[in-house]
Amino acid sequence: MKSWSLMGLLATAIIALALPVYAYNETSRMDAAQARLLAASVEQGEMIYAQNCVVCHGADGQGIGTYPGLDNEGVRTMDYETLFKTIERGRYGTAMAAWGVNEGGVLNSQQLDQLIAMLQSGDWAKTARTVDAAGLNPPTVLNIELPADTLAEVAKLPQGQMLAQALPLYTANCSGCHGPSGEGTAIAPVLNDATLRSQKSDEELSRIISNGVSGTLMAGWGQALSAGEIANLVGLIRNWGEIPPGLIPTPELPPLASSDAEVIAAGGKLYSVACATCHGPAGQGTRMAPALNAQSFLSQTNDQAIKMIIAQGVPDTRMPAWGGRLTDAELNSLVSFLRAWEPTAPAVAQPLPGGGQGGPPWLRNNTGN
Ligand code: HEC
Ligand code: HEC
Ligand code: HEC
């Protein structure tokens, strides 16, 4: 009897011990299946993100210019319904468009779920690598060579080292709008100017260059340029007066617009897919966006500037930055396509048939920016 009860006790003890082990194995098996499913969704989500969201929210989710970052606790812990609706429907009156197919967008609910998996459970460093591997990084900063003897002369000036680093950066990225010597153009203000130097502190200049100016062609460079590079550009603006006139040769920017029929046709195809809904099939403008097929725009805006506007977008407007999704050759083909309108473009935007008196300013007489 005693031994039986002992056996019974032992058996019970063994079962009692084994059960949780079994249960534990079963949960971990289910956990593992779920984890695999989640990992697969995250991976799909990374690719969807790379193709659709990087241009505004950044490869690493830090946000570009004034567009918000998504790598934060607010997004990671947002309840599922709210996050789903945010992406599906967008945010009315902001650049955050509706992405769900039900709302006129391009993503189905499975894809939205995969995005959410990535946003809430993914690893942003891994997403950044996926974006990079897919060649979908946001606009990269251009670089241009200045003649070595010019740079050597510049380096002899006070602050010469800093100026020698800042000038090539300025020439490649800023001169298209602000002019080769910072003298300003029809579309962007003068930077080589004592008034600007006396009015704006280094901090203010740095903030403008990093964040851009909301609603203007001045995009934010905070994502594309390092803090050191921005500091050098501020230094250039601060010390421009020290550079003897004529020392910097007017740099020859590579010509952009091609008159090759094939390049123009490729640009036209891209335009009809990516731009026509907003700017109109013939560039005549719509209620969504200004006319591009107008002398007032084309004659005042050089090729480099047009390319920069397309690549960087116009902050806080519906004009997105395209640099992340279009290659350099594609951007050039778009510039070529727009430039080909110039000989026949009307002086100012053609009013739309039936367009009333009101509406946005660009449907009245477009003045070019
Ligand atoms: C053209 C720029 C642009 C693109 C492209 C874009 N977004 Fe946004 N997104 C924004 C802006 C601007 C906001 C802030 C809206 C506001 O002010 O509420 C935003 C907000 C969000 C938010 C809410 C963040 C928060 O903290 O509340 C999420 C989530 C989001 N976007 C996800 C996405 C996803 C996913 C994609 C790609 C499918 C995407 N966005 C593409 C511009 C963009
Ligand atoms: C696509 C055209 C464009 C490009 C490219 C561009 N800018 Fe600008 N920038 C503008 C416009 C337009 C303004 C005026 C914004 C406003 O109305 O306040 C401006 C304003 C500025 C200002 C403020 C000037 C003032 O008087 O307050 C600074 C500083 C500046 N830009 C620096 C730069 C630097 C540095 C670069 C290159 C990294 C650059 N910009 C590239 C168009 C551009
Ligand atoms: C979602 C709508 C939308 C799409 C799509 C779009 N744009 Fe724009 N675009 C705008 C808006 C809005 C502006 C005016 C921004 C402002 O207020 O300055 C603009 C401005 C511009 C400008 C500057 C015009 C000027 O007078 O200064 C150019 C150039 C331009 N877009 C080219 C393009 C090209 C090329 C494409 C396609 C690759 C494109 N846009 C796609 C909405 C759009």
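Is C53 buried or exposed? Select C53 to begin: at 12% relative accessibility, C53 counts as buried (buried means under 20% relative accessible area, exposed over 50%, partly exposed in between, with a 1.4 Å probe and protein chains only).

Before moving on, a word about what is on your screen. This is a predicted model in which local features need pLDDT of at least 70 and side-chain atom pairs count only at pLDDT 80 or more, while totals for chains, interfaces and linings use all residues. Residues are numbered from 1 along each chain as its sequence is written, chains are lettered from A and ligands numbered from 1 in the order in which they are written, and side-chain values use heavy atoms, with hydrogens and water left out.

**Stop 1: ligand 1**

Show ligand 1 and the 20 residues around it; C53, C56, H57, R91 and M96 come nearest (a residue is near a molecule if one of its heavy atoms lies within 4 Å of it). By class, this shell has 15 nonpolar, 4 polar and 1 charged residues. Here Ala, Val, Leu, Ile, Met, Phe, Trp, Tyr, Cys and Pro count as nonpolar, Asp, Glu, Lys and Arg as charged, and the others, Gly among them, as polar. Color helix 2 (54-57) and helix 4 (80-89), since each supplies at least two residues of the shell (helices are DSSP runs of H or I, at least four residues, numbered from the N terminus).

Now zoom in on the iron atom of ligand 1. Its protein donors are H57 (NE2) and M96 (SD), lying 2.0 to 2.1 Å from the iron (donors are N, O and S atoms within 2.8 Å of the metal, or 3.2 Å for Na, K and Ca). This pair links distant parts of the chain: H57 sits in helix 2 and M96 in the loop between helix 4 and helix 5 (109-121), 39 residues apart. H57 counts as buried at 11% relative accessibility, whereas M96, at 22%, counts as partly exposed.

An N or O atom in the side chain of H57 is 2.8 Å from a nitrogen atom of ligand 1, and a polar side-chain atom of R91 lies 2.8 Å from an oxygen atom of the ligand.

**Stop 2: ligand 2**

Next, select ligand 2, which is surrounded by 22 residues; the closest are C174, C177, H178, K200 and M218. Its shell has 18 nonpolar, 3 polar and 1 charged residues. Helix 11 (202-211) is among the helices that each supply at least two shell residues, and helix 11 gives the most, with 3 residues. Check H178, where a side-chain N or O atom is 2.8 Å from a nitrogen atom of ligand 2. Then pick K200, with a polar side-chain atom 3.2 Å from an oxygen atom of the ligand.

**Stop 3: ligand 3**

Finally, center on the iron atom of ligand 3, where H279 (NE2) and M319 (SD) are the protein donors, lying 2.0 to 2.1 Å from the iron. H279 lies in helix 14 and M319 in the loop between helix 16 and helix 17 (328-339), so the pair ties together parts that are 40 residues apart in sequence. Both H279 and M319 are buried.

Methods:
A polar contact is a pair of N or O atoms within 3.5 Å; within protein, one must be able to donate a hydrogen and the other to accept it, and residues adjacent in sequence count only if both atoms are side-chain atoms.
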